[in-house]
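Take a look at the chain below. The paragraphs after it walk through the fold step by step.

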Amino acid sequence: MLLNILAFFWVLISLNLRPGKKRHHNIFPILFLCADSSTNVCIEDVYIESGDDLVAVKSGWDQYGIKMAQPSSNIIVRGVSGTTPTCSGVGIGSEMSGGIFNVTIEDLNVWDSAAGVRIKTDKGRGGYIANITVRHIVMERVKIPLRISTGSNDHPDERWDPKAIPIVKGISISDVICSNSTKAPRFQGIEEAPFSGLCMKNINILGLKSSAIWHCEFVSGSAGDVFPAPCPQLQNNISASSCSNI
């Protein structure tokens, strides 16, 4: 079952399936949930098996999303569990040209997946991603646990504007544990508009090879109690930064 929430206000999706609860056989398996250009959405207690992101948050594509200007905001993703061998547990973007803000992802349980939480954008998107909170995440055998990056270079047509640069700021990630990953987090911003305000606290990524190091480019932020140690761009003192409240 595919659920695409498009331009809605006040939506609650709950199947009462918190991680650890027995799954009932009479529940249809959810394959994909997408909140697109929607406000006041709560997705909770859902088990998902997918070949795409388990849950996606989007808001318009390139010049069409910029023109529509209908952001996705005030979204809670809570108590979602599942597996996706090719994508992420929760994906924000890459279609985010109308703006995405005030998103909370918590109590997420992901295993045997390509990525845990991924925020994605690129030149041509415009728009913004801001005020994102990620907390209480458990992952196992997830290839890349955390990824905030570019690389979304698909466009609807030739009229996209390469000067439409997205803004990414205010991303807080805390209380994350991941075991048996193969790659360290990857945070790759845009030279013309570096991703800023990345805050991380109490993150443990276990089982990485010593050669697996964080990859960071055009980003800035702070970290505390993070293992293995993040890249220098994210090693500012968290207690002295705007991240001290996470």
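This is a predicted model: local features need pLDDT of at least 70, side-chain atom pairs count only at pLDDT 80 or more; totals for chains, interfaces and linings use all residues.

Residues are numbered from 1 along each chain as its sequence is written, and side-chain values use heavy atoms, with hydrogens and water left out.

Start with confidence. The score is pLDDT, the predictor's confidence in each residue, from 0 to 100. The chain has a mean pLDDT of 88. In 85% of its residues the value reaches 70 or more. Elements here are helices (H or I, at least four residues) and strands (E, at least two), taken as DSSP runs and numbered from the N terminus. Among the elements, strand β9 (residues 128–149) has the highest mean pLDDT, at 98. Strand β1 (residues 2–6) has the lowest, at 52. Residues 16–28 have pLDDT below 50. Beyond near neighbours in sequence, that stretch has 22 contacts in the model, a contact being heavy atoms within 4.5 Å.

Next, the overall make-up. The chain holds 1 helix and 15 strands. It has 246 residues, and 53% of them count as buried. Buried means under 20% relative accessible area, exposed means over 50%, and partly exposed is in between (1.4 Å probe, protein chains only). Take the contacts between residues at least 6 apart in sequence: 80% of them join residues at least 24 apart.

How do the strands line up? Two strands pair if DSSP finds at least two bridges between them. Begin at strand β5 (residues 55–58), which runs parallel to β7 and is joined to it by 3 bridges. Valine 57 stands opposite isoleucine 92 in β7. Strand β7 (residues 88–92) is mostly covered, with 5 of its 5 residues buried. From β7, move to β8: the two pair in the parallel sense over 4 bridges. Here valine 90 has valine 117 of β8 as its bridge partner. Then comes β9, paired with β8 in the parallel sense over 16 bridges.

Valine 138 stands opposite isoleucine 177 in β10. β9 also pairs in the parallel sense with strand β11 (residues 186–188), over 2 bridges. There isoleucine 148 has phenylalanine 187 of β11 as its bridge partner.

Serine 174 counts as buried because its relative accessible area is 11%. Leaving aside neighbours within four places in sequence, it touches Val134, Arg135, His136, Lys201, Asn202 and Ile246.

Now the charged pairs. A salt bridge is a side-chain nitrogen of Lys or Arg within 4 Å of a carboxyl oxygen of Asp or Glu. By this rule there are 11 salt bridges. One of them joins arginine 78 to glutamate 44, with the closest N and O atoms 2.9 Å apart. Arginine 78 lies in strand β6 (residues 72–83) and glutamate 44 in strand β4 (residues 39–49), so the pair ties together parts 34 residues apart in sequence. Glutamate 44 is buried, at 15% relative accessibility.

Another salt bridge joins arginine 125 to aspartate 62, with the closest N and O atoms 2.8 Å apart. This pair links distant parts of the chain, 63 residues apart. Arginine 125 sits in the loop between β8 (100–120) and β9, and aspartate 62 in helix α1 (residues 62–68). Buried or exposed: which is arginine 125? Arginine 125 is buried, at 0% relative accessibility. Aspartate 62 is buried too, with a relative accessible area of 0%.

Glutamate 140 and arginine 141 also meet in a salt bridge (2.9 Å, N to O). Both are partly exposed: glutamate 140 at 34%, arginine 141 at 38%. Elsewhere, salt bridges that share partners join Glu44, Arg78, Glu106 and Arg135 into one network.

Finish at the surface. The accessible surface of the chain is about 11,100 Å², and 54% of it belongs to carbon and sulfur atoms. Accessible areas come from the Shrake-Rupley method with a 1.4 Å probe; for residues, only the protein chains shown count as cover. Val138, Ile177, Leu206 and Phe227 form a nonpolar surface patch, with about 340 Å² of accessible area together. Patches are made of residues with over 30% relative accessible area and no salt bridge; like charges are joined within 9 Å, nonpolar side chains (Val, Leu, Ile, Met, Phe, Trp, Tyr) within 5 Å. Leucine 206 belongs to strand β12 (residues 195–206). Leucine 206 counts as partly exposed because its relative accessibility is 35%.
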